[in-house]
Amino acid sequence: MNTVKHETRLYTADDKAVVRANNDTYYGNGVLDLRAEPVIFKVPEANNRYYVFQLASQTTDNFDYIGTRSRGSKAGVYAVTGPDFTGKLPEGVVEIKAPSAFVGVVGRIGVDGQDPQDMEAAMALQSQIEVGVMSKFYPEFKPKTVEKIDFPAYSLASITTPEFFSLLNFLLPYTTLAPDDEAMIKKFEAIGVNKSGFFTFLKENPEYEEAFAAGVKKGLERIDAMMTEIGTVKNGWMLWPIQDPYFGSNFRLRTQIARGHIYANCPIEAYYPAARRDADGNPFNGQNFYTLTFPADALPPAKFFWSLTMYDNITGLMAHNELNRYSIGDRTKGLKYNSDGSLTIYMSHKMPVEGPGNWLPAPDGPFDILLRLYGPKDEVMNNTWVPQPVVKLSGN
C-alpha cells in the first residue's frame, strides 16, 4: 500500500496471471490509500525514455497521468491527494487531485528487451523513482488518524455470485462518485445497494436469493456477449472509442474494458487496435499464413514506439515459439522494410519462407493480435488512420 512495486522483466509466454499483457515495458503496480495523507511521486530526469504512471479511480476511470507524454521527461515531484484534502503542499510539489480515497497505479517503463544495456538503463530509472506517503518525504506534515480497514479477501465468488453486492457495499463508502454514477447506484437502492458498508438485503429477504443468483449469472453472460466487439470495426480491426474522459458516463465501455482489458490506458496515452479475423472475415488460425502490410506513408503513427503482440485466442496469453518472440515493432532488430518503404509482417505457426526477420510466430490454433501505439499521433486521435486488413495467403 502507498508504494509501487516494480517488475524488472518483460512478460512472456511463461506468465499466466495477466491476459494480453504487453511485451514492451517493465510494469509497476500499486494501490494508494489517500485518507490520511497524500502520496508523493518523486521522478528523476528520464532522458527521453518513455515512462508512465497511470492513475485510476475506484471506478477504474483514468483520472490523470505522471509520465513522459503528460509531464515531459524532466525530474518532478507530484502529490496525489484524496477528495477531502484541503491542506497546503510544499513549494514545487504539483498536486494531482484523486476522485476516490483509494487509487490504482499502473506503471510502465519502455525497454528494448533485445538490448541488455537498455534493460539496465530502464532498471536504473526504476531504482531512482520514489513513491511514499507525504510524511515520509516531509516530516513536518502530520497525517490524519484514520480507521484501519480489514479488506475482504478476493475470491471468484465476489464477481460471479451475489457476494458481489457485499463487496460493492463495502467499497462504496470509500468512493466519491460522479453524479451519473450516483444516479446509477440510486436505481439499486431498492435491493439494498448503498453506502452503509454492509449488504443485508438477502438476509432480510431470503426469498430473493435465487433471483439474485440468476440475475448475476445473466448479467455476466450479457457482459461477455459485449466483449466480441468494442467500439467500431474497420478493415477487420476493432477500434476502441476515442473520447475524453475515459470512461465518464459511458458505462458500456467502462464495463467492456474492466472485463477484458482492465487498466487499459486512455487513447491519448496509448491506443490498442485489435484484430481476430482476416480480410475475408474468417478467424485467425496459426495453421495458416497471414501478412499485414503497412504502406510507407501509413506506418503506425506513434510518438514514442509501437508494437504488435500475438496472443492465443483461447487463453489470452502469449504463446511459446522457437524465436521466443512475442511481439514485433519498430524497435525489433533485423526488421526489413520493402523497397517502397512499406513494412510487411508475417504471422503463422510455422516459419514463413521469407525467414524469421519479419515473422511474428503464432500458436498452433486460434489467435488474435493487438497493436499498441504509445503516444498515438493526431491521425489516430482524429480517426483518419486505420491499420490495413490482415490477408490470408492463398494456398493455405
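Asn48 counts as exposed, at 67% relative accessibility. Here exposed means over 50% relative accessible area, buried means under 20%, and partly exposed lies in between (1.4 Å probe, protein chains only). The model is predicted: local features need pLDDT of at least 70, side-chain atom pairs count only at pLDDT 80 or more, and totals for chains, interfaces and linings use all residues. Residues are numbered from 1 along each chain as its sequence is written, and side-chain values use heavy atoms, with hydrogens and water left out.

Asn48 sits in the loop between strand S3 (39-43) and strand S4 (51-56). Its phi is near 65°, a positive value in a residue other than glycine. Asn235 also has a positive phi, of about 55°, and is not a glycine. The loop that holds Asn235 runs between strand S10 (232-234) and strand S11 (237-239). Asn235 counts as partly exposed, at 39% relative accessibility.

Now step back to the whole chain. Its secondary structure comes to ten helices and 20 strands. Helices (H or I, at least four residues) and strands (E, at least two) are DSSP runs, numbered from the N terminus. The radius of gyration is 23 Å, close to the 21 Å that the globule rule gives for 396 residues, so the chain is as compact as a globular protein of that length. That radius is taken over C-alpha atoms, and the rule is 2.2 Å times the number of residues to the power 0.38. Along its principal axes the C-alpha trace spans about 65 × 55 × 35 Å. Buried residues make up 49% of the 396 residues. Of the contacts (heavy atoms within 4.5 Å) with a separation of 6 or more, 71% are between residues 24 or more positions apart.

Next, the helices. The 18 residues of H8 (209-226) should span 26 Å at 1.5 Å a residue, and the end C-alpha atoms are 26 Å apart, which agrees. The expected span is 1.5 Å times one less than the number of residues. Phe212, Val216, Leu220 and Met226 are the buried residues of H8. They cover an arc of only 120° around the axis, which puts them on the same side of H8. The arc is that of the directions from the helix axis to the C-beta atoms. An α-helix has 3.6 residues a turn, so residues three or four places apart point the same way. The face of H8 turned away from the buried side carries the exposed residues Glu210, Lys217, Lys218, Arg222 and Ala225. Cover for the buried residues of H8 includes helices H4 (157-160), H5 (163-171), H7 (201-204) and H9.

In H9 (251-260), the residues Leu253, Arg254, Gln256 and Ile257 are buried. They cover an arc of only 165° around the axis, which puts them on the same side of H9. These buried residues pack against H6 (179-186) and H8.

Finally, a sheet. Four strands form an open sheet in the order S18-S17-S14-S20, with mixed pairing. S18 (359-361) and S20 stand at the edges, each with a single partner strand, so one side of each is left without a neighbour in the sheet. Two strands pair if DSSP finds at least two bridges between them. S14 (290-294) is mostly covered, with four of its five residues buried. Five bridges join S14 to S17 (343-348), and the two run antiparallel. Leu292 stands opposite Ile345 in S17. S14 also pairs with S20 (391-392) in the antiparallel sense, over two bridges. There Thr291 has Val391 of S20 as its bridge partner.
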